[in-house]
Amino acid sequence: MKIRKTRILEANIPTASMADIAFLLIVFFMISTVFQVDRTSVSLPESEKPTRKDVVKESAFIIIQEDGTIKASDGLEDSQLVNKEDIAIHASTWMRLNPNKPVVIKADATVKYSLVDDVLEQVRQAGVVNLKFLTNQQKGN
Amino acid sequence: MKMTELQKKEDAEIPTASMADIAFLLIVFFMLTTVFSANKGMEHMLPPRDQADDAIEPDEAIYIKVFPDGQFVMDEDTYQISQVERVYDYVNDKVQINAKKPIIIHTNPEAPYGDMVAILNQLKLLEARNKMQLAITIPSKDEAQRYAEYNQ
């Protein structure tokens, strides 16, 4: 009787589609990526879903933290600590470069209104027209 | 001549083994830098500087004053901030008669910012549901002073 030579199959894991899956994930993350100029954690006030509009790309940010410290960003560079009195100067610079630049107020819900009022007073002086109060979505809506 | 060795034919191939490594490296980068757009807020248009002096007379407006103790006064009626939904109904009734009726939100400097936003939220909700633009004013310090004197 003739014994046939057995063929040994090489064990391998097919990895050809691995790159396809990976690139699909890359595309997803590339599209959904938003580089934020500010990652300061503040407990924002809440508002209902229909009132909330998307923040336009490259909007300037003024952040008022719970302890009263203020940060600002022109929307292109990361936010930095600023003096309360200097906001008008910063805002004037933003307005000179782009008079329609939206300014986003990201303030802690618990801060005294006087702080926000001081900021609003200065952005008014600088000629800011388009303002946005950053909020979280109200629960249960 | 005798061919002793068979010439071995090599298959042409592009090495793709490292492709996945590069791809996963990029994935990790994008995963770390991704922030899902949670940036949303309530829009408010400030008057242009040349119109800033055209202050509204409080008697022709809906005047909402926010106090530090969690209360607010809306045209002489006092409410708790927990009753903020009343703003929606009250203003809705008024703007059905006069859509351009100005609304002034005058917040006490000691009041929490969140209370002012709660009232603004009701007005913006009304705007969104009725697809209309309300004349909402957040007074400057000078205007607020004038309104305070007017109400005394």
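1. Chain A brings 54 residues and chain B 45 residues to the contact between them, where contact means heavy atoms within 4.5 Å. This is a predicted model, in which local features need pLDDT of at least 70 and side-chain atom pairs count only at pLDDT 80 or more, while totals for chains, interfaces and linings use all residues. Residues are numbered from 1 along each chain as its sequence is written, chains are lettered from A and ligands numbered from 1 in the order in which they are written, and side-chain values use heavy atoms, with hydrogens and water left out.

2. How much area is buried between chain A and chain B? The figure is about 4,600 Å², with carbon and sulfur atoms giving 63% of it; buried area is the accessible area (1.4 Å probe) that two parts lose on being put together, summed over both. On the chain A side, Y113(A), R124(A) and F133(A) lose the most area to chain B, together 17% of what that side buries.

3. Four salt bridges cross from chain A to chain B, each a side-chain nitrogen of Lys or Arg within 4 Å of a carboxyl oxygen of Asp or Glu. K112(A) and E110(B) form a salt bridge through their side chains, at 3.1 Å from N to O.

4. Which elements of chain A touch chain B? At least two residues each come from α1 (18-32), β1 (46-47), β2 (53-54), β6 (103-107), α3 (113-125) and β7 (130-134) of chain A. Helices (H or I, at least four residues) and strands (E, at least two) are DSSP runs, numbered from the N terminus. The chain A residues that touch chain B comprise 29 nonpolar, twelve polar and 13 charged, with Ala, Val, Leu, Ile, Met, Phe, Trp, Tyr, Cys and Pro counted as nonpolar, Asp, Glu, Lys and Arg as charged, and the others, Gly among them, as polar.

5. Two pairings are worth a look. β2(A) runs antiparallel to β1 (residues 40-45) of chain B over two bridges, and D54(A) stands opposite K40(B). β6(A) and β7(A) pair in the parallel sense over three bridges, with I105(A) and F133(A) as bridge partners.

Definitions and conventions
Pairing = 2+ DSSP bridges.
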